[in-house]
Amino acid sequence: MDFHRFYETWYEQLHHEIHHLTKAPRPPTTDDDHHQLTQLVNKTMFHFSEYYRVKSLAANQDVLSIFSARWSTTLERSLHWIAGWRPTTAFHLIYTESSILFESRILDILHGIRTGDLGDLSPAQFTRVSELQCETVQQENAITDQLSEWQDEVSELIGGSCGDLDKKIQRLVKVVEKADELRMRTLKAVVELLTPQQAVEFLIAAAQLHFGIHRWGLNHDRERAEK
């Protein structure tokens, strides 16, 4: 399996999914609008789940190539947490987007006009975001500890057999899978606590962050290669 080629196709398709999200009716004014937003969110979430399904297959074949991530830029790799994005980034993104939208529409909100977007999160939603963030931090730390233990054990393998190393590599696969499961579980949990309109805005913001970092990384690598 060539995960690099899969990723390039998947990344291109992500652009199409986000394009459809940006064209969706916001705020939704009819039942059909609500249904359309929900369908688009579900389709985008399936696109993410497909990425992790194929990544798991690739990791079982060659987990070290997943860590090297040659489909990513050097900037992206510098930001990776266990071969991917850090799950708690999702909460920082929600807080940032919510603050920006709240400030831009503060007059409407003060006049009791509900915007229904990420700047209009309810107290219950903020509470749930905070709870999820705390839970996710704990799970991140636990998986980080597992990776640290794996690294310590591998460093003691000098002079050991290939069989011992193969067993260690399989343990590393499990660590990556746990990290990816947490990433997807966090994404699902965040989307589920949001309204369809808010979920669309969150997914757009997350993708734009992804696209922006990738562009910056490409420019940086290009400039470095030209020196």
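**Notes on the helices and their contacts**

1. Just after H2, Ala69 takes a positive phi of about 45°. Ala69 lies in the loop between H2 and helix H3 (74–79). Most residues other than glycine have a negative phi, and most peptide bonds are trans.

2. The model is predicted: local features need pLDDT of at least 70 and side-chain atom pairs count only at pLDDT 80 or more, while totals for chains, interfaces and linings use all residues. Residues are numbered from 1 along each chain as its sequence is written, and side-chain values use heavy atoms, with hydrogens and water left out.

3. The protein has 8 helices and 0 strands, and its elements run α-α-α-α-α-α-α-α from the N terminus on. Helices (H or I, at least four residues) and strands (E, at least two) are DSSP runs, numbered from the N terminus. The C-alpha atoms fill a box of roughly 70 × 40 × 35 Å, taken along the principal axes.

4. H2 has a kink of about 120°, centred on Asp62; the bend at a residue is the angle between axes fitted to the seven residues ending there and the seven starting there. Between its end C-alpha atoms H2 spans only 46 Å, whereas a straight helix of 38 residues would span 56 Å at 1.5 Å a residue (the expected span is 1.5 Å times one less than the number of residues).

5. Pro27 is found in the loop between H1 and H2.

6. The axes of H1 (residues 3–23) and H2 (residues 31–68) come within 11 Å and cross at roughly 165°. Axes are lines fitted to C-alpha atoms, for helices over the stretch in contact, and angles run from 0 to 180 degrees between N-to-C directions. H1 and H2 are therefore roughly antiparallel to each other (angles under 35 degrees count as roughly parallel, over 145 as roughly antiparallel, 65 to 115 as roughly perpendicular and the rest as oblique). Their crossing is left-handed, a term used if the near helix is turned anticlockwise from the far one by less than a right angle, with right-handed used if clockwise.

7. In the contact of H1 with H2 (heavy atoms within 4.5 Å), the H1 side includes Phe3, Phe6, Tyr7 and Trp10, and the H2 side includes Phe48, Tyr51, Val54 and Ile66. The residues of this contact divide into 13 nonpolar, 4 polar and 4 charged. Here Ala, Val, Leu, Ile, Met, Phe, Trp, Tyr, Cys and Pro count as nonpolar, Asp, Glu, Lys and Arg as charged, and the others, Gly among them, as polar.

8. H2 also meets H8 (residues 196–226): their axes come within 9 Å and cross at roughly 40°, so H2 and H8 are oblique to each other. The crossing is left-handed. Leu37, Thr38, Val41, Thr44, Met45 and Phe48 in H2 meet Pro196, Gln197, Ala199, Val200 and Leu203 in H8.

9. How do H4 and H6 lie relative to each other? The axes of H4 (residues 89–104) and H6 (residues 123–155) come within 10 Å and cross at roughly 150°, so the two helices are roughly antiparallel. Among the residues in contact are Phe91, Ile94 and Tyr95 in H4, and Phe126, Val129 and Leu132 in H6. The contact of H4 with H6 has 6 nonpolar, 5 polar and no charged residues.
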